[in-house]
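Dear colleague,

Please find below the structure that I am handing over to you, together with its sequence. My notes on what was found in it follow directly after.

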Amino acid sequence: MELGLPTWERDRDRDGVRTCSLAGDVLLRTGLSEQLELQVSATPWQRQSVRSADLPTQRQHGSGDTQIALKWAGPGSTERTAWALLASAVVARGDADFSEGRQYALALSVEQALGERWTAALYASHQRGDGERSTTWSPSLSLAATERLSLFIEAGLTHSRDAPDQRVAGAGITWMLRPRVQLDASFDAGLDADSPDLQVGTGLAVYFD
């Protein structure tokens, strides 16, 4: 079980409208076989405020979409090189202010160990739904600083058919509080005017056997 504790995002568009969002995410993962994993994710609550110079602040709250996904660990993976595919779909829409409608996505993740402490990874996904489609590329590099503490840097590019591209970059930290409990924190900053200005997230992951 992975919990967002929570995620915060701030964005100011070209017209000076500032949007701040706060969301709590839940992800449940369980193994169906040695290579197949079932994932169910949801956003039970979200808060959003929109402020512009000429209008009073508007506030909304509600729940987001619920998704179901299957992750397949590809054959040929080793301790140094691993890859997996993830197929997902929205199975229940959230409140109108926070729903992206019916969405379907296919993602690929590849990891390569560069030594005893360094690992490089690439995440790529293609998403379609409600007449829209987008592709995201996200490389990252992580360092195992100690047996329990890891640091990482990441970047992301999202190309949408009917919207401007978005580019972000950031860093984060993961800490194994206990053998079955992990804490994490990360941030991403927008690299252009069309990307969210700042995204900050904290999380808790718990493994049940």
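Is Trp72 buried, exposed or partly exposed? Trp72 is partly exposed, since its relative accessible area is 34%. The limits behind this wording are that buried means under 20% and exposed means over 50%. Please bear in mind that this is a predicted model.

Overall architecture

The protein chain contains 13 strands and zero helices. Its radius of gyration is 18 Å, close to the 17 Å that the globule rule gives for 209 residues, so the chain is as compact as a globular protein of that length. The C-alpha trace spans about 55 × 35 × 35 Å along its principal axes.

Of the 209 residues, 22% count as buried. The accessible surface of the chain comes to about 13300 Å², and carbon and sulfur atoms account for 56% of that surface. Considering contacts between residues at least 6 apart in sequence, 40% join residues at least 24 apart.

The aromatic pair

The ring centres of Trp72 and Trp83 are 5.6 Å apart and the ring planes stand at 90°, so the pair is edge-to-face.

A cis peptide bond

Most peptide bonds are trans. In this model, however, a cis peptide bond joins Leu5 and Pro6, with omega at about -5°. Pro6 is placed in strand β1 (residues 2–12).

A buried serine

Ser125 sits in strand β8 (residues 118–129). Its relative accessibility is 14%, and Ser125 therefore counts as buried. Leaving aside residues up to four places away in sequence, Ser125 touches Leu106, Ala107, Ser134, Thr135 and Thr136.

Met176 is located in strand β11 (residues 166–178) and is partly exposed, with a relative accessible area of 24%. Which residues does Met176 touch, not counting residues up to four places away in sequence? They are Arg148, Val181 and Gln182. The C-alpha atoms of Met176 and Glu147 are separated by 8.4 Å, while the two residues are 29 residues apart along the chain.

Arg180 lies in the loop between β11 and β12 and is partly exposed, with a relative accessible area of 40%. From C-alpha to C-alpha, Arg180 and Val206 are 5.7 Å apart in space, although 26 residues separate them in sequence. Val206 is also among the residues that Arg180 touches, again not counting residues up to four places away in sequence; the others are Ala205, Tyr207, Phe208 and Asp209.

With kind regards

Notes:
Residues are numbered from 1 along each chain as its sequence is written. This is a predicted model: local features need pLDDT of at least 70, side-chain atom pairs count only at pLDDT 80 or more; totals for chains, interfaces and linings use all residues. Side-chain values use heavy atoms; hydrogens and water are left out. Helices (H or I, at least four residues) and strands (E, at least two) are DSSP runs, numbered from the N terminus. Buried means under 20% relative accessible area, exposed over 50%, partly exposed in between (1.4 Å probe, protein chains only). Contact means heavy atoms within 4.5 Å. The radius of gyration is taken over C-alpha atoms; the globule rule is 2.2 Å times the number of residues to the power 0.38. Accessible areas come from the Shrake-Rupley method with a 1.4 Å probe; for residues, only the protein chains shown count as cover. Rings of Phe, Tyr and Trp (its six-membered ring) pair if their centres lie within 6.5 Å; planes under 30 degrees apart count as stacked, over 60 as edge-to-face and the rest as tilted.
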